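Hi everyone, thanks for coming. Let me put the sequence and the structure up on the screen, and then we can walk through them together.

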Amino acid sequence: MKAMLVKSFGGPEVFEAAEIAKPQAAAGQVLVRIAATSINTVDTMIRQMGPELPLSPVLPALLGMDFAGTVEALGEGVEGYAIGDEVYGCAGGLADLSGTWPSISPPMSA
């Protein structure tokens with residue numbers, strides 16, 4: 001799948017389009033097909049400051065915390081959600097949690 005990765009910390013120019021493996025829903029998780037995401041202040045701070053911030057991800061990183069989309073797969077033990085449910089939330093883009101930014105055109109400038 002296509003995504004915008006940060007391979008170094010700095011200005012908006014650090015984003016690079018990349019092909020990455022499609023994530024799988026692990027136990028207790030849902031996989032969401034992202035329909036919309038945003039750039040919030042924490043995303044911008046991580047991109048600019050990197051390891052100076054607690055919970056900054058290791059590079060290369062897929063940033064993005066906010067999302068809206070549709071549940072595509074359920075991990076073992078997930079209850080209360082079904083494939084096809086429309087969901088939104090704030091998850092990922094920190095520490096070892098993959099973010100939510102797909103590749104878009106033109107490239108985003110957080």
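When I say helix or strand, I mean DSSP runs numbered from the N terminus, H or I of at least four residues for helices and E of at least two for strands.

Before going on, a word on what we are looking at: this is a predicted model, so local features need pLDDT of at least 70 and side-chain atom pairs count only at pLDDT 80 or more, while totals for chains, interfaces and linings use all residues. Residues are numbered from 1 along each chain as its sequence is written, and side-chain values use heavy atoms, with hydrogens and water left out.

Back to Gly10, then. Leaving out residues up to four places away in sequence, Gly10 touches Arg47 and Gln48, where contact means heavy atoms within 4.5 Å. The C-alpha atoms of Gly10 and Met45 are separated by 9.5 Å, and these two residues are 35 residues apart along the chain.

Now for the charged side chains. How many salt bridges does a search of the whole structure find? The search finds four, counting a side-chain nitrogen of Lys or Arg within 4 Å of a carboxyl oxygen of Asp or Glu. One of them joins Lys7 and Glu16, at 3.6 Å from N to O. Lys7 is partly exposed, with a relative accessible area of 42%, and Glu16 is partly exposed too, at 35%. For these labels, buried is under 20% relative accessible area, exposed is over 50%, and partly exposed is in between, using a 1.4 Å probe and protein chains only.

Please look at Glu72 next. The side chains of Glu72 and Lys22 meet in a salt bridge of 2.5 Å, N to O. That pair links distant parts of the chain, with Glu72 in strand β4 (residues 66-74) and Lys22 in the loop between β2 (15-19) and β3 (30-37), 50 residues apart. Glu72 also forms a salt bridge with Arg33, at 2.8 Å from N to O. Here, too, the pair links distant parts of the chain: Arg33 is in strand β3 and Glu72 in strand β4, 39 residues apart. As for accessibility, Glu72 is partly exposed at 23%, Lys22 is partly exposed at 45%, and Arg33 is exposed at 54%.

Phe15 lies in strand β2 and Trp101 in the segment after β5 (86-90), so the pair ties together parts that are 86 residues apart in sequence. Are Phe15 and Trp101 buried or exposed? Both are buried.

Let me move to the loop between α1 (41-49) and β4, where we find Ser56. Ser56 counts as buried, at 16% relative accessibility. Setting aside neighbours within four places in sequence, Ser56 is in contact with Phe9, Ile46, Gly50, Pro51 and Ala95.

Leu55, found in the loop between α1 and β4, has a positive phi of about 70° although it is not a glycine. Leu55 counts as exposed, at 54% relative accessibility. Pro60 lies in the loop between α1 and β4, and a cis peptide bond joins Leu59 and Pro60, with omega about -10°.

Ala95 has a positive phi of about 50° although it is not a glycine, and it counts as partly exposed, at 33% relative accessibility.

That's my tour; I'm happy to turn the model around for anyone.
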